Amino acid sequence: MSATTPIDLNAAGAGELSRSLKSRHVSMITFGGIIGAGLFVGSSTAIGSVGPAVVISYALAGFLVLLVMRMLSEMAIAMPGTQTFPDFTRAGIGNWAGYLVGWLYWYFWVVVIAIEAIAGAKIIVDWFPQFEVWQVGVVLMALLTGVNLMSARSYGEFEFWFASTKVIAIIVFILVVGAYATGITAPNGPTFSNLTAHGGFAPFGVTAILVGVSTTIFSLCGAEIATLAAAESEEGSKTIARMTISVSLRILIFFVLSILLIVSVVPWDEIKPGISPFAHTLRQMGYPAADLIMNAIVLVAVLSCLNSGIYITSRAMFGLAKNGEAPQSCVQLSRSKVPVRAILIASLFSYGALAASVLSPDRVFNFLVNASGAVMLFIYLLIAVAQLRLRNKYETEAPERLEVKMWFHPYGTWAAIAGMAAVLILMGTSETHAIELWTSVIVTAGFMIGYWLLKRTKSGV
């Protein structure tokens with residue numbers, strides 16, 4: 001068998017994944033994959049380094065992600081038999097690209113699982129200090145691994161309610177803070193003067209706005225989860241593809257509006273990195289229970305990302321195994337049609353990352369976290385190149401398949417590529433983010449060496 005020979009699923013006793021997810025599950029899975037601690041807490045760092053103009057950074061980053069989602073929608077509808085974005089890159093560029101995207105995505109979310117488990121554990125330990133962070137982290141991972149082992153439907157239901165809670169929280173926040181910012185409930189009238197009263201709208205200049213894109217874009221990644229979940233949805237790929245764009249647009253509006261209102265109500269230079277600007281804003285407005293409320297919401301956000309991370313890593317490995325690029329046992333499904341071994345392997349590696357956070361937080365764990373810093377941009381760049389090549393192919397051979405088209409082709413795709421390349425260059429020249437870029441390059445090179453070794457092994461060289 002060659003290095004790229006797909007596995008015969010029937011021969012492997014694998015069968016097909018269930019189609020038990022409803023459209024409401026997939027839409028909320030998309031929300032859940034993006035709205036997390038990166039917004040509720042991580043936005044504090046972006047606000048502190050950019051100022052009120054951070055809303056432009058979020059808008060630009062969101063626009064880049066939206067362009068990538070449009071590319072995925074075009075390919076999903078043009079290739080109805082191909083469900084996942086690693087397979088889109090495989091079809092558009094080659095087997096090496098599908099291998100690389102699949103494994104990079106798996107690695108990214110394995111690390112995210114450990115990070116989210118630690119974040120959730122810290123919140124719970126603040127409430128119950130008799131426990132250690134690692135103990136609570138292990139329990140959280142075990143519980144949500146159990147949810148994923150039950151069925152895709154159980155994962156979808158948990159994620160639906162997790163994500164619904166986050167969406168409702170953001171909507172309520174926007175309404176409450178919006179009323180305050182416009183002067184409806186504020187004692188001294190509108191507060192929009194805060195946008196310019198503390199050093200100006202862009203106190204660090206235009207360059208800081210562009211550098212801010214490199215820190216904010218990662219909190220907006222995750223909408224591509226819908227293309228993985230589509231393989232287990234009762235809805236057709238066309239419905240999922242179109243829904244991904246509408247959901248991504250709503251998420252972008254949520255991000256930009258909530259951040260805009262925060263820097264309108266609170267002077268940006270009062271927001272401290274690592275402290276939730278959402279909680280700080282509510283405190284400024286006179287809500288004494290703001291910290292407790294936001295900690296509860298952040299915990300839900302963390303559990304949601306943890307739940308999705310376990311699901312995503314298992315499906316990514318399942319897809320790799322189908323193409324002979326991961327252990328073949330990972331294509332075997334349980335009676336409830338879930339890839340049990342792929343789920344357990346993902347959990348095992350995440351437990352290893354969690355252990356690294358305890359035993360070697362300054363070296364091993366920092367390396368794992370830094371090495372995922374630019375991975376999503378590498379993946380998005382490969383998706384963009386695949387879309388360009390597939391679009392040219394279908395325009396020539398089967399134009400009727402292009403029911404949904406990338407905006408402003410080919411300039412929209414080239415603009416996205418240029419934007420993502422600019423973010424990577426800014427990361428490389430940044431004192432704080434250069435290490436993330438170069439360690440991500442090391443990990444990417446490691447996976448490429450793995451592909452080369454796999455190919456040589458299977459070709460008998």
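Which side chains meet in a salt bridge at 2.7 Å, N to O? They are those of Glu74 and Arg391, where a salt bridge is a side-chain nitrogen of Lys or Arg within 4 Å of a carboxyl oxygen of Asp or Glu.

Before going on, please keep in mind that this is a predicted model, in which local features need pLDDT of at least 70 and side-chain atom pairs count only at pLDDT 80 or more, while totals for chains, interfaces and linings use all residues. Residues are numbered from 1 along each chain as its sequence is written, and side-chain values use heavy atoms, with hydrogens and water left out.

Glu74 lies in helix 4 (residues 54–78) and Arg391 in helix 16 (residues 375–397), so this pair ties together parts that are 317 residues apart in sequence; helices here are DSSP runs of H or I, at least four residues, numbered from the N terminus. Both Glu74 and Arg391 are buried, a word that means under 20% relative accessible area, with exposed being over 50% and partly exposed in between, for a 1.4 Å probe and protein chains only.

Arg391 also meets the side chain of Glu395 in a salt bridge of 2.9 Å, N to O, and these two, four residues apart in helix 16, are separated by about one helical turn. Glu395 counts as partly exposed, at 37% relative accessibility, whereas Arg391 is buried, with a relative accessible area of 5%. Through shared partners, salt bridges join Glu74, Arg391 and Glu395 into one network.

Among the six salt bridges that the structure holds, let me also mention Arg153 with Glu157, at 3.8 Å, N to O.
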